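Thanks for coming. Please look at the screen, and I will go through the chain from its overall fold down to a few side chains.

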Amino acid sequence: SSGINAEWPLRPGDFSGMDQNQQLSLIDNQDTYLQERERNIKTIYSKIEELGSMMGRLSQMIANQGETISLLDTNVTDIQTNVDAAHSELLKYFQSISSNRWLMFKVFGILIVFFIIFVVFMA
């Protein structure tokens with residue numbers, strides 16, 4: 001280190017008072033440092049590209065999920081409409097059965113009355 005400015009990158013004034021071996025050593029160190037930085041930058045760039053690709057796929061998945069949710073919402077609405085219609089039809093059928101039951105009781109009652117009249121007056 002002997003008073004050498006070791007900040008990167010090296011500037012022309014940094015070589016004053018150094019012999020040729022020291023200058024070459026510093027240049028080699030700087031070259032190694034710059035190559036390492038270049039590799040790191042390339043790695044970061046590739047990771048950013050990979051992240052961008054992942055975000056694109058995630059965006060597509062979210063859009064697909066939105067479509068699926070929309071279809072589910074439509075299906076649930078259709079099901080609710082169908083259940084309400086079925087409930088209404090079941091109520092109509094129940095009322096129809098109930099009114100037929102009363103008609104059956106009336107006919108059965110009239111038959112009993114005729115049977116009693118027949119048995120009392122004809123016997």
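The secondary structure here amounts to 1 helix and 0 strands. Keep in mind that this is a predicted model. The mean pLDDT of the chain is 85, and 85% of the residues reach 70 or more. Residues 1-6 are another matter: pLDDT stays under 50 there. For that stretch the model has 6 contacts beyond four places in sequence.

Now the helix itself. Helix 1 covers residues 20-122, which is 103 residues.

Next, burial. How much of the chain is buried? Buried residues make up 5% of the 123 residues. Within helix 1, the buried residues are Leu26, Gln30 and Ser98. To be called buried, a residue needs a relative accessible area under 20%. As for the surface, the accessible area of the chain comes to about 10,900 Å². Carbon and sulfur atoms account for 64% of that area.

Last, the charged pairs. Side chains of opposite charge can pair when their charged atoms come close. How many salt bridges does a search of the whole structure find? The search gives 2.

Take the pair of Lys42 and Glu38. Their closest N and O atoms are 3.4 Å apart, and the two residues form a salt bridge. Both residues sit in helix 1, 4 residues apart, which is about one turn of the helix. Is Lys42 buried or exposed? Lys42 has 54% relative accessibility, so it counts as exposed. Glu38 has 42%, so Glu38 counts as partly exposed.

The other pair is Lys92 and Glu89. This salt bridge has its closest N and O atoms 3.5 Å apart. Lys92 and Glu89 are 3 residues apart in helix 1, so about one helical turn separates them. Glu89 counts as partly exposed, because its relative accessibility is 47%.

To recap: the chain has 1 helix and 0 strands, 5% of its residues are buried, and the search finds 2 salt bridges. That is the end of my part.

Note on methods
Residues numbered from 1 in each chain as written. Predicted model: local features only at pLDDT ≥ 70, side-chain atom pairs only at ≥ 80, totals over all residues. Heavy atoms only, no water. Helix = DSSP H or I, 4+ residues; strand = E, 2+ residues; numbered from the N terminus. Expected span 1.5 Å × (residues − 1). Buried < 20%, exposed > 50% of the residue type's maximum accessible area, 1.4 Å probe, protein only. Areas by Shrake-Rupley, 256 points an atom, 1.4 Å probe, with all protein chains shown as cover. pLDDT = per-residue confidence, 0-100. Contact = heavy atoms within 4.5 Å. Salt bridge = Lys/Arg side-chain N within 4 Å of Asp/Glu carboxyl O.
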